[in-house]
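Here are my notes from going through this one, as promised. Have the model open while you read, and tell me where you'd look next.

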Amino acid sequence: MAAACGLLDGAGNPKPTIFTEMSALAAQTNSANLGQGFPDEDGPEWIREAAIEAIRAGVNQYAPGRGSLDLRQAIAAHQARHYGLTLDPESEVLVTTGATEAIAAALLALAGPGDEVVTLEPFYDSHAACIAMAGATHVTVPLVPHGGGFRLDADALRQAVGPRTRVILVNTPHNPTGTVLNLAELEAVAAAARAVDAIVVTDEVYEHLVFDGARHVPIASLPGMRERTLTISSSGKTFSLTGWKIGWVAGPAPLIDALLAVKQFLTFTSGAPFQRAIARALGTGKAGGDADINALRDTLSYRRGLLMDGLAAAGFKTVRPDGTYFVCADASPFLSAEVADGAAFARWLPGAIGVACVPLSAFCRAGSPTAHALANWVRFTFVKREDTLRTAIDRLAGLNGA
């Protein structure tokens, strides 16, 4: 099955992800790793201490299959407080092993051979892999770079969604481009879903990491969309605790039940003491993590500006992201006969100057128009310590002489 899905190479070995490849190359060359998007600083100490307290209190066996009730209640309260979405924590919230498992379970539960799943392009790599594992057909809609950012091609969306569309998988705030879909774009997705009775699955893991007054709007909050939307998020990005793998999905009880039928045979459950700690982190006031979220957003906004200024000074054209951890940059000024495109540039850069990035083509279908349009683009992350970013910027400044 994995071979049929394209997850194995010709020798039958698992294909490494682009992140595994570039992180290994960064380690080999002692590079500043701005490729893989994970924090190099731990999340708030008090949340980590809450997990330790839970371990010492004996919260070390299986959590309930749906997730601990205190965490499901905290997730429901979070959705109500931030977005006005009312959820029953008993039947409309499911805790998962990160957002990645939620996406996999959703696609395995809802789509199969003969169905189409529509995503934005570029897309996070696990989205394509999960569609392949489900046996469905992957259909993409481009995000097009403009002066102010990447924007959805609404005409292409209308053409892509048809009678075989079972799921529209939307990622906003968007990895890799940093786009936060605006209300008009979300309404276009909603209209397309309603027209063919498709289910919308949303990957919203960067929901709180938005900048410059950008506003994240869950598509489930739009009129007529709650009953056909599964909203996925995670504590990993929000609290810089990616290794805990505590994610969740919220939506109508029948859709949650369909996911649970699959999820119970993936991990069944996970991270009981971490679930208790995240339940506390999602609280409000002094008992919760809202201040920590705000502080993280502020420091990321600063680091985003630092990296963008450094990339511009080095000669890159960049697109200003509204959210996430990432800046996309056009590497065309640095290409040559030997370094012909963004993929070659990303593999050349660590050995040449000691900085790692990721090519945008890794987030596209091979040979697609979007892959062609973004062939020279790469992605850098700014979710690193300031000293790491400054080291990378100093090295990037020497590109013209490399």
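The points below cover a helix pair, one histidine, the cavities and a pocket.

1. Before anything else: this is a predicted model, so please read each point below with that in mind.

2. Start with the helix pair H4 and H9. H4 covers residues 98-110 and H9 covers residues 253-263. Their axes are 8 Å apart, and the packing angle comes out at about 105°. Angles of 65 to 115 degrees count as roughly perpendicular, so that is the label for H4 against H9.

3. Who makes that contact? From H4 you have Glu-101, Ala-102, Ala-105, Ala-106, Leu-108, Ala-109 and Leu-110. H9 answers with Leu-255, Ala-258, Leu-259, Val-262 and Lys-263. Sorted by class, the contact of H4 with H9 holds ten nonpolar residues and two charged ones, with no polar residues.

4. Next, have a look at His-82, which sits in helix H3 (residues 69-83).

5. Staying with His-82: leaving aside residues up to four places away in sequence, His-82 touches His-208 and Asp-290. For a sense of distance, take Ala-26, which is 56 residues from His-82 in sequence. In space, the C-alpha atoms of His-82 and Ala-26 are 39 Å apart.

6. On to the cavities. How many of 30 Å³ or more turn up in a search of the whole structure? Four do, and the largest cavity has a volume of about 50 Å³.

7. If you want to find that largest cavity on screen, select Gln-79, Leu-85, Leu-87, Ala-220, Arg-226, Thr-229, Thr-231, Ala-250 and Gly-251, which line it.

8. Last, the second largest pocket, with about 230 Å³ of space. Its lining has 18 residues, and those nearest the centre are Asp-42, Gly-43, Ser-240, Leu-296 and Thr-299. Which helix gives the largest share of that lining? That would be H11 (residues 290-314), with seven residues. By class, the lining of the second largest pocket has eight nonpolar, four polar and six charged residues.

Definitions and conventions. Residues are numbered from 1 along each chain as its sequence is written. This is a predicted model: local features need pLDDT of at least 70, side-chain atom pairs count only at pLDDT 80 or more; totals for chains, interfaces and linings use all residues. Side-chain values use heavy atoms; hydrogens and water are left out. Axes are lines fitted to C-alpha atoms, for helices over the stretch in contact, and angles run from 0 to 180 degrees between N-to-C directions. Helices (H or I, at least four residues) and strands (E, at least two) are DSSP runs, numbered from the N terminus. Angles under 35 degrees count as roughly parallel, over 145 as roughly antiparallel, 65 to 115 as roughly perpendicular and the rest as oblique. Contact means heavy atoms within 4.5 Å. Ala, Val, Leu, Ile, Met, Phe, Trp, Tyr, Cys and Pro count as nonpolar, Asp, Glu, Lys and Arg as charged, and the others, Gly among them, as polar. On a 1 Å grid over the protein atoms alone, a cavity is a set of points where a 1.4 Å probe fits but cannot get out, and a pocket is an open set with protein on both sides within 12 Å along at least five of seven lines; lining residues have an atom within 4 Å of a point. Grid points are joined across faces, edges and corners, and a volume is the space filled by probe spheres set on the points.
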